[in-house]
Every structure is written in structure tokens, then in C-alpha cells.
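The following note sets out points for a colleague who is examining the structure.

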Amino acid sequence: MDDGALRTALGARVRAARTARGLSLGVLAERAGIGKGSLSEIENGSRNPTLSTLYALADTLAVPLSRLLAEHPGAELAGPGITVRLLETTTDDHGTVEVYALALVPGAVHVSPRHGPGVVEHLLVTRGAVRAGRSGHEAELGTGGATHWPADGEHTYAALAGEPAAAVLVIRTPPTP
């Protein structure tokens, strides 16, 4: 799937989730903290949303990020200091598990907004050194180090030691009632 096709699929997923919840474009934009025009462009597939914008939409719509990415392995998004690539998504009666490859840029801190209740993130550092976790409670990890945290509050990711870092992130989202 090329970038244009992914943008189109993503826009259709956002629109479908919004209408399924009976939300107007303006109400979703306000609740997610983004501009109504920006949301319209995202839904129409004419705008590349940032990682933070997509997380804000996913949280407001109470869906995993991968659902908005059309569960398309290889879909890539970037934000300040971070690039994420969806590797796999699995959904069953126990919820959704998303697996992402992260690339972290030295000198930048990526701040991720809260996710829904019961969401847990698991991080395994595959290269370099990383500080990650709930804001104010981050762990510092080297290659092979792992941590996890409830993602219902703001959390951060940063490469340490002035070097790029890489990690695998697993996000577990409980089933939606």
C-alpha cells in the first residue's frame, strides 16, 4: 500500500469510527484537540497526520491506533524524535495487540498522549539506550532491556547517549465494551 492509498484508508477508518459513534466532524475535532479543517483533510485522505494527531483521534474514538492504520503492516508514522512502523496487529476476545518497530532520534523527546483505560505498553530495546515510560517514572534501558507501563497517562520515549536507538513496542488494548 503506497502513502496515498494508506492516507485514503486511514481517512476512511477515521470517518467510519466517527460516524459509528454518532460524532460530528466538529465534535471529534474538539474532543481530540485538533482543528476541524485538519480533521476534514485527514478524513479526505489529503493530509498526512502526525503520530500525536492519530493517537489523539484513536484515544477519542476508543480504538487502537492500528485500527486507524487499516491494520496495514509496514504503515509508518513519525513524530518529534520518533518513527514507528506497524509490524503486526492481532485482535481477539481478549483485546488487541499491536507490535511496532520504533526508531528514536538522539536529542529529541517524544511525548505520547494517554491511551484508553487498561492499555499497557511493553518496550524492548533492540539497539542503543532509551529512556521510556510514564512521565516522571521513565526507565533507562540499554540494548536488551525491557519495561512496561500502564499507558493511561502521558508517557515519553527518548534515545540516550547522543546515539540513535531502536526498540520493539507492544501495545495491549483491552476489548471495547
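**Notes on strands, helices and loops**

The place of Ala161 is in the loop between E9 and strand E10 (165-173). The model discussed here is a predicted one.

1. Ala161 deserves attention for its backbone. Although Ala161 is not a glycine, its phi is positive, at about 65 degrees. The relative accessible area of Ala161 is 70%, and since exposed means over 50%, Ala161 is therefore classed as exposed.

2. Ala62 is not a glycine, yet its phi is positive, at about 60 degrees. With a relative accessible area of 45%, Ala62 is partly exposed.

3. The next point concerns the open sheet. Six strands form it in the order E1-E2-E3-E10-E5-E8, and the pairing is antiparallel. Strand E1 (76-79) and strand E8 (146-150) are the edge strands, each of which pairs on one side only. On average, and with direction ignored, neighbouring strands of this sheet are turned by 25 degrees against each other.

4. Strand E5 (residues 120-127) pairs with E10 in the antiparallel sense, over seven bridges. His122 has Val170 in E10 as its bridge partner.

5. A helix also meets this sheet. H4 lies across E1, strand E2 (82-92) and E10. The direction of H4 is at about 105 degrees to that of E1.

6. What is the angle at which H1 and H4 pack? Helix H1 (residues 3-20) and helix H4 (residues 51-61) pack at about 30 degrees, and their axes are 10 Å apart. Because angles under 35 degrees count as roughly parallel, H1 is roughly parallel to H4. The crossing of the two helices is left-handed. H1 contributes Leu10, Val14, Ala17 and Arg18 to the contact, and H4 contributes Leu54, Leu57 and Leu61. By class, the residues of this contact comprise six nonpolar, one charged and no polar.

7. The packing of H2 with H3 is a second case. Helix H2 (residues 25-32) and helix H3 (residues 36-43) have axes 9 Å apart and pack at an angle of about 110 degrees. H2 and H3 are therefore roughly perpendicular to each other, as the range for that description is 65 to 115 degrees. H2 passes H3 in a right-handed crossing. On the side of H2 the contact is made by Leu25, Gly26, Leu28 and Ala29, and on the side of H3 by Lys36, Leu39, Ser40 and Glu43. These residues divide into four nonpolar, two polar and two charged.

8. Strand E6 pairs with two partners, which are taken in turn. Strand E6 (residues 130-134) is joined to strand E7 (residues 139-141) by three bridges, and the two run antiparallel. Strand E9 (residues 155-159) is joined to E6 by five bridges, again in antiparallel fashion. Val130 takes part in both pairings: its bridge partner in E7 is Leu141, and in E9 Val130 stands opposite Ala159.

9. The hairpin of E6 and E7 has four residues between the strands. In this hairpin, Gly136 takes a positive phi near 90 degrees.

10. Is Ser112 buried or exposed? Ser112 belongs to strand E4 (residues 109-112). Its relative accessible area is 2%, and as buried means under 20%, Ser112 is therefore buried. Apart from neighbours within four places in sequence, Ser112 is in contact with Tyr55, Glu154, His155 and Tyr157.

11. Thr143 is placed in the loop between E7 and E8. The relative accessible area of Thr143 is 55%, and the residue is exposed. When neighbours within four places in sequence are set aside, Thr143 is in contact with Val125, Thr126, Arg127 and Gly128. Thr143 and Ala166 are 23 residues apart along the chain, and their C-alpha atoms are separated by 8.7 Å.

Terms used: Residues numbered from 1 in each chain as written. Predicted model: local features only at pLDDT ≥ 70, side-chain atom pairs only at ≥ 80, totals over all residues. Heavy atoms only, no water. Pairing = 2+ DSSP bridges. Axes fitted to C-alpha atoms, helices over the stretch in contact; angles between N-to-C directions. Parallel < 35°, antiparallel > 145°, perpendicular 65-115°, else oblique. Left-handed = near helix turned anticlockwise from the far one by under 90°. Contact = heavy atoms within 4.5 Å. Nonpolar A, V, L, I, M, F, W, Y, C, P; charged D, E, K, R; others polar. Buried < 20%, exposed > 50% of the residue type's maximum accessible area, 1.4 Å probe, protein only.
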